[in-house]
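Here is a short report for a reader who is new to this structure. Look over the sequence and the model before reading on.

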Amino acid sequence: MAVAEDPESYCRQLETYLCRKNDGHLIRIVGPAFGQVCGWATRGVPLKVAQRGIDRYFERYYAKGPRRRPVQIQFCEADVFDVFDEWRRAIGVPIRDGEATDDESQEEGEGSSRRHGSLPAHLERVIARLTTLRGGEDRSLDDVVDRFVRELDTARAPAKGLRGDARGAFLERLRTLDNELLAAARGQCTAPVLQQLEAEADEELAPFRARMPLEAFEQSRRAAIDRLIRERRRLPVITFD
């Protein structure tokens with residue numbers, strides 16, 4: 001059942017998740033908070049996307065120092081919607097009527113680009129993530145990761161001066177590397193794992209399925225599966241837009 005069809009269950013599952021994040025302290029989702037979270041379900045925010053938004057809030061919360069009180073679900077809404085918008089853009093699901101104007105979407109995209117930082121800084125972050133990946137317990141991608149780290153490390157210094165066609169060609173190369181990394185990770189997934197990820201992708205997209213053409217849905221489904229593989233393997237996004 002799509003989350004939008006069962007807001008009561010959606011709220012209770014997020015209540016349980018928030019309880020775990022609050023080290024077992026239960027903060028009931030009732031009253032105005034219940035209506036607020038039901039709005040997430042009605043808008044089509046997948047359960048796991050909402051959980052990632054809660055995670056993002058807690059990351060900032062912990063970064064400020066020792067916690068003083070349990071977090072209430074209302075505080076997480078901005079992060080939930082940020083993650084939802086990122087998820088929606090990444091897999092290409094349509095915006096519902098009345099959710100955002102073209103101007104608002106453009107401003108949001110421009111803000112995202114500003115937060116993205118410079119190309120050399122992006123490469124530095126990617127190299128750091130790949131190096132961490134290479135040091136983990138799963139070494140199945142070591143050969144690919146080693147090759148990518150060498151190439152990106154060599155390209156990092158001159159990347160700052162790239163302009164015009166040279167920059168465009170390099171950005172296209174980054175997209176190719178990102179696709180290769182995802183393909184390698186997909187190839188390491190067992191059939192049961194892929195089936196699980198496909199089921200998760202279908203669940204995430206369920207609220208949007210009825211209003212998407214078949215071709216668009218299949219494209220979004222593939223992107224959703226790729227996103228889940230990336231999260232499962234903790235792969236960086238090499239593409240730079």
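## Overall layout

From the N terminus on, the elements of the protein chain run α-α-α-α-α-α-α-α-α-α. That makes 10 helices and 0 strands. The chain has 241 residues, and buried residues make up 40% of them. Take the contacts between residues at least 6 apart in sequence: 75% of these join residues at least 24 apart.

## Confidence

This is a predicted model. The mean pLDDT of the protein chain is 86, and 88% of the residues score at least 70. Confidence is highest in helix α8 (residues 164-187), with a mean of 95. It is lowest in helix α5 (residues 102-116), where the mean is 44. Over residues 100-115 the pLDDT is below 50. Beyond near neighbours in sequence, that stretch has 7 contacts in the model.

## Aromatic rings

A pair of aromatic rings is described by the distance of the centres and the angle of the planes. The model holds 7 aromatic pairs. Two of them are set out here.

| Pair | Centre to centre | Angle between planes | Arrangement |
|---|---|---|---|
| Tyr57 and Phe58 | 6.4 Å | 80° | edge-to-face |
| Trp87 and Phe208 | 5.8 Å | 45° | tilted |

Tyr57 and Phe58 are both buried. They also belong to a cluster: ring pairs link Tyr57, Phe58, Tyr61 and Tyr62.

The other tabulated pair, Trp87 with Phe208, has its planes at 45° and so counts as tilted. Trp87 lies in helix α4 (residues 77-91) and Phe208 in the loop between α9 (191-205) and α10 (214-233), so the pair ties together parts that are 121 residues apart in sequence. Trp87 is buried, and Phe208 is buried too.

Charges also sit over rings. The charged end of Arg43 is placed over the ring of Phe81, 4.3 Å from its centre. Arg209 lies over the face of Phe217, at 4.2 Å from the ring centre.

## Two buried residues

Ile29 has its place in the loop between α1 (7-21) and α2 (31-43). Is Ile29 buried or exposed? Its relative accessibility is 2%, so Ile29 counts as buried. Leaving aside neighbours within four places in sequence, Ile29 is in contact with Cys11, Arg12, Leu14, Glu15, Phe34, Val37 and Ile73. Take one of these partners, Cys11. Ile29 and Cys11 are 18 residues apart in sequence, and their C-alpha atoms are 6.8 Å apart in space.

Glu200 lies in helix α9. Its relative accessibility is 14%. Buried means under 20%, so Glu200 counts as buried. Which residues does Glu200 touch, not counting those up to four places away in sequence? They are Lys48 and Leu228.

## A pocket

The second largest pocket holds about 200 Å³ of space. Its lining is made of Ala128, Arg129, Thr132, Leu133, Gly136, Glu137, Asp138, Arg232, Arg233 and Arg234. Helices α6 (119-134) and α10 each supply at least two residues of this lining. Which helix gives the most to the lining? It is α6, with 4 residues.

How values were computed
Residues numbered from 1 in each chain as written. Predicted model: local features only at pLDDT ≥ 70, side-chain atom pairs only at ≥ 80, totals over all residues. Heavy atoms only, no water. pLDDT = per-residue confidence, 0-100. Contact = heavy atoms within 4.5 Å. Phe/Tyr/Trp six-rings, centres within 6.5 Å; stacked < 30°, edge-to-face > 60°. Buried < 20%, exposed > 50% of the residue type's maximum accessible area, 1.4 Å probe, protein only. Lys NZ or Arg CZ within 6 Å of the ring centre and 35° of its normal. 1 Å grid on protein atoms, 1.4 Å probe; cavity = no way out; pocket = protein on both sides within 12 Å on 5 of 7 lines; lining within 4 Å. Points joined across faces, edges and corners; volume = space filled by probe spheres on them.
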